[in-house]
Amino acid sequence: MSISLVNETPGQKPSLDDLLALLQEKEAEIDSLKTKNEILDIIISKLPGNVYWKSLDGTILGANDNLASIFGFESPSDIVGKLTEEFVGEQINELLSEIDHRCIDLDQEINTEEFGYNIHKEPAIYLSRKMPLRTKAGKVIGVVGVSLDITDRKKMEEELKIAKEKSEIASLAKSEFLANMSHDVKTPLSGIIGISELLTHRLANENLELAKTLLASGKQLYNFIENCLELAKIESTQLFVNETFNLANTVYEIKELFLPAVNSKNLLLNIYIDPLLPKNVIGSQAGLYRTLLNLVGNAVKFTEKGSISIYLNFLKKISDQDIMIQCIVEDTGIGIASENQKIIFDRFTRLIPSYKGVHDGSGIGLYIVKTFVEKMNGEIHLESELDQGSKFTVNLPMQIPSRELPNISNDRVLTQTPPSTNLNDQHLIRVLLVEDNPIAQQIEKTLLSSLNCAVEVADSGEKALALFEPNKYDLVLMDIGLPEIQGDAAAILIREKEKDAEKPCTIIALTAHLTDNMQKDLKASGINEVYCKPLLHDKAKQMLLFLRSNI
Ligand code: ADP
């Protein structure tokens, strides 16, 4: 240390007073440094977690109170000069020093998890940050570490992971149960709906009315089951499948469904379809159908006089392929007070409870509608006034298919059923119907025969393959859930059989339970289109018209 005297002038000796003053000044400086060091020591000793610094050979140079007490000492000064291996077992010491050496050798900071012990001598996991310890000149002389006990956090993470795995297994089991139950319930119900629809084409007068009511009730029950299943599915995030479909037909299906109820209440049901809309769009038909189903169902339920109007508008073009459509369902019913307009979209909210017996319902319809609309990237608004009526507006993005399917025309204002195309005037369509369920078989065969098809039936994949020959059928209508050879596997084998054929046949799959992935997989098996069961008259007609345009 060099000492320089403040008032010293060259050639002049300092006086005794000067030297004394200097001495006092330096003593004060040393005192202040000592105080600073002591304060630093106190701060370090009280730092949370374990703080320590070691020399290159692993000798502890300093630590905080926590580390000292973990090693069984009262003060950090008691462990200075000792080696870590004296406190932890050989194995742990090896792991710790390996990390210390890595930090020193690489001359860089390391963040890692380490094993050690806590204050109760129990094994613990630490999150450690190690940095090289340097002199002022930058020379690495050891390592500084800060370690935090994260044992509880780790335990919690592990518990959460196990809980998540368990809930995933449970949710998978729930989805499987739903898929099975959906199939098991919908199959017989499809039979009831299919047969009652066939009857509506064969009966007259009073019996026709009975058949129509049976059909409407069957459809309503089907929709109720769908609603319950969908509510469960929303949680397991299964989405609708996008497909090419006819917008107007979707609205007419809804109209047909509600016509008996509308007539019995002496209401008017108006349908307006914007002529600017394309006939076919790509989007979720099921999503649009179920949205309209719930909104029109409510409109009919909550309207006692006046009318219900369904508008399908072309809202705007987004790009060459993308458009925004708008569906409006308007009624002149009881209306909804403004303070209730938000809550009715919540799950299980009903403004008039069903036990009062005025209206039935479970309070999930609008929750499902809102969730579906959001999942289809659309939006829903409500305008309503008590006793004046309600207007639900839904805007939905859709795509325009590159090749439009032939279909019915969109007339501007229609309150009639769509104009029908006479399939009977055209030549027979040869169909191989592959269906193992005898009721579905009977319904589909009768339906297709009435639409001028020559139908051969196979009740298994094997029989279908035995019957199939290239150029023998225009259409293979294939159920997917078949015993032994499933529908998709049978489709692959059919495509194999006709690989040299002039014109491959059309294969349309029928299923009661359709998911997005399933649609992709089925198409990869050589299936051209996938339809949801039950196959009803209008859908079958649309399918055959499409087929004829391709024959
Ligand atoms: P619900 O099965 O009870 O019809 P929703 O979720 O479809 O369940 O509807 C929730 C509530 O919103 C209904 O119970 C009714 O109080 C009210 N609501 C829905 N639509 C209408 C409407 N068009 N007119 C009047 N009130 C309606």
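# Briefing: packing and burial in a predicted protein

Leaving out residues up to four places away in sequence, G62 touches V51, Y52, W53 and V80 (contact means heavy atoms within 4.5 Å). The model is predicted: local features need pLDDT of at least 70, side-chain atom pairs count only at pLDDT 80 or more, and totals for chains, interfaces and linings use all residues. Residues are numbered from 1 along each chain as its sequence is written, and side-chain values use heavy atoms, with hydrogens and water left out.

**Overall picture**

- The protein has 13 helices and 18 strands (DSSP runs, numbered from the N terminus: helices are H or I, at least four residues, and strands are E, at least two).
- Of the 551 residues in the protein, 44% are buried (under 20% relative accessible area with a 1.4 Å probe, protein chains only; exposed is over 50%, and partly exposed is in between).
- Take the contacts between residues at least 6 apart in sequence: 63% of them join residues at least 24 apart.

- G62 belongs to strand β2, which spans residues 60–63.
- G62 is buried, because its relative accessibility is 5%.
- From C-alpha to C-alpha, G62 and V144 are 9.3 Å apart in space, although 82 residues separate G62 and V144 in sequence.
- E529 sits in strand β18, residues 529–532.
- The relative accessible area of E529 is 19%, so E529 counts as buried.
- E529 contacts I507, I508, A509 and K523, with neighbours within four places in sequence left aside.

**Helices α6 and α7**

- Helix α6 covers residues 247–264, and helix α7 covers residues 285–301.
- The two helices, α6 and α7, pack at about 30°, and their axes are 10 Å apart (axes are lines fitted to C-alpha atoms, for helices over the stretch in contact; angles run from 0 to 180 degrees between N-to-C directions).
- So α6 is roughly parallel to α7 (under 35 degrees; over 145 is roughly antiparallel, 65 to 115 roughly perpendicular and the rest oblique).
- The crossing of α6 past α7 is right-handed (the near helix is turned clockwise from the far one by less than a right angle; anticlockwise is left-handed).
- On the α6 side, the contact residues include L247, I254 and F258. On the α7 side, they include L288, Y289 and V296.
- This contact of α6 with α7 has 13 nonpolar residues, three polar and one charged (Ala, Val, Leu, Ile, Met, Phe, Trp, Tyr, Cys and Pro count as nonpolar, Asp, Glu, Lys and Arg as charged, and the others, Gly among them, as polar).

**Helices α7 and α8**

- Helix α8 runs over residues 365–375.
- α7 and α8 pack at about 150°, with axes 9 Å apart.
- α7 and α8 are therefore roughly antiparallel to each other.
- Here α7 passes α8 in a left-handed crossing.
- α7 contributes R290, T291, N294, L295 and N298 to the contact. α8 contributes G365, L366, I368, V369, F372 and V373.
- The contact of α7 with α8 divides into six nonpolar residues, four polar and one charged.
- Eight of the 11 residues of α8 are buried, so α8 is mostly covered.
- Among the buried residues of α8 are Y367 and T371.
- Just after α8, N377 has a positive phi of about 60°.

**Cysteines**

- The whole structure has zero disulfides (a disulfide is a pair of cysteine sulfur atoms within 2.5 Å).
- C327 is buried, because its relative accessibility is 3%.
- C453 is buried too, at 7% relative accessibility.
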